Amino acid sequence: MKLSILDLAPIGRGQSARDSFAASVALARTAEELGYTRVWYAEHHNMPAIASSATSVLISHIGAQTSTIRLGSGGIMLPNHSPLLIAEQFGTLEAMYPGRIDLGLGRAPGSDQNTQYALRRDPRTADTFPQDVVELQGYLSGNSRVPGVSAVPGNGANVPLYMLGSSLFGAKLAAALGLPYAFASHFAPGALEAAVRAYREEFKPSAELDKPYVMAGVNVFAAPTEDEARSQHQAARRNRAATLFGRRTGQEPSQISDDQAEELLASGAAVHVDEMMTYSAIGTGPDVRKYLEDFAARIDADELVTVHQVPRIEQRLASVTILAEALLA
């Protein structure tokens, strides 16, 4: 089973984006040394605790400080951009780091309505997502579907595409286009099994892929002791409550104390937070190994994309190391 990482480039309390990027470099280097397949970064906007908004720029920064591990987007929200622009960006990355770049695509806004306006995004662009994916494929394969237009760099770069999703829509589109499918079960678990089933049943082989390939997101809190792992899980629950519901307190999420976050959980936020974090491996190396093996077997996953949402980089590095020693050794 392949293991990979989704790095949300978190900005912790009292930290800056610069601190976040330094932590992301350390995480990618550690993942490379330990044998992880890839590290992906997600496009989010107007989120004070996430620094991966300029996703392709961050990938370039990490690529310059690693050697072999695959790097990519998990994902680029394509309706925020033109297909040509993304083909140029990822064609540039492929030219810089040949054979190491992935392009995961999603159609969610990665933001709220006000942020959509600030991005100058037309909400209707989500309706043309399938056509935009095909147009993007054309640029990257050297078979542009727009007469007289080529992506430079990007033309013929053949950067592999991955379809991301949390519903049947993405699963069916990935199946129709013959692309790998990555389900966002680390925060939107509800339709996981139905989506994977639909993808496998409807998959049509393509020039890129001859059989279905399923990736699934899962939270991991691996620590030397079970108590420490559960403490980290609880810290992640507090952070999630502060991020999602913190504005009820009249403060920014980064200003909310642990006690205030616990109050948010107790007042109803826990129901939503715990549903989002349904798929979480918590414990020591043997604990997380058993959980992930059972999880992968149940949904027939080819690869797990692990998310280590603990506050400090030292804890994240320990978590990815303990997991690798348990599953990749």
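Buried means under 20% relative accessible area, exposed over 50%, and partly exposed in between, with a 1.4 Å probe and protein chains only. This is a predicted model, in which local features need pLDDT of at least 70, side-chain atom pairs count only at pLDDT 80 or more, and totals for chains, interfaces and linings use all residues. Residues are numbered from 1 along each chain as its sequence is written, and side-chain values use heavy atoms, without hydrogens and water.

**View 1. Tyr-279 and Phe-295 form a tilted aromatic pair.** Rings of Phe, Tyr and Trp (its six-membered ring) pair if their centres lie within 6.5 Å; planes under 30 degrees apart count as stacked, over 60 as edge-to-face and the rest as tilted. Here the centres are 5.0 Å apart and the planes are at 45°. Tyr-279 is in the loop between α9 (258-276) and β8 (280-283) and Phe-295 is in helix α10 (residues 285-299), so the pair ties together parts 16 residues apart in sequence. Helices (H or I, at least four residues) and strands (E, at least two) are DSSP runs, numbered from the N terminus. Both Tyr-279 and Phe-295 are buried.

**View 2. Tyr-291 and Phe-295 form a stacked aromatic pair.** The distance is 6.5 Å centre to centre, with 20° between the planes. Both residues lie in helix α10, four residues apart, about one turn of the helix. Tyr-291 is partly exposed, at 27% relative accessible area, whereas Phe-295 is buried, at 1%.

**View 3. The charged end of Arg-107 sits over the ring of Phe-169.** Its distance from the ring centre is 3.7 Å. A charge sits over a ring if NZ of Lys or CZ of Arg is within 6 Å of the ring centre and within 35 degrees of the ring normal.
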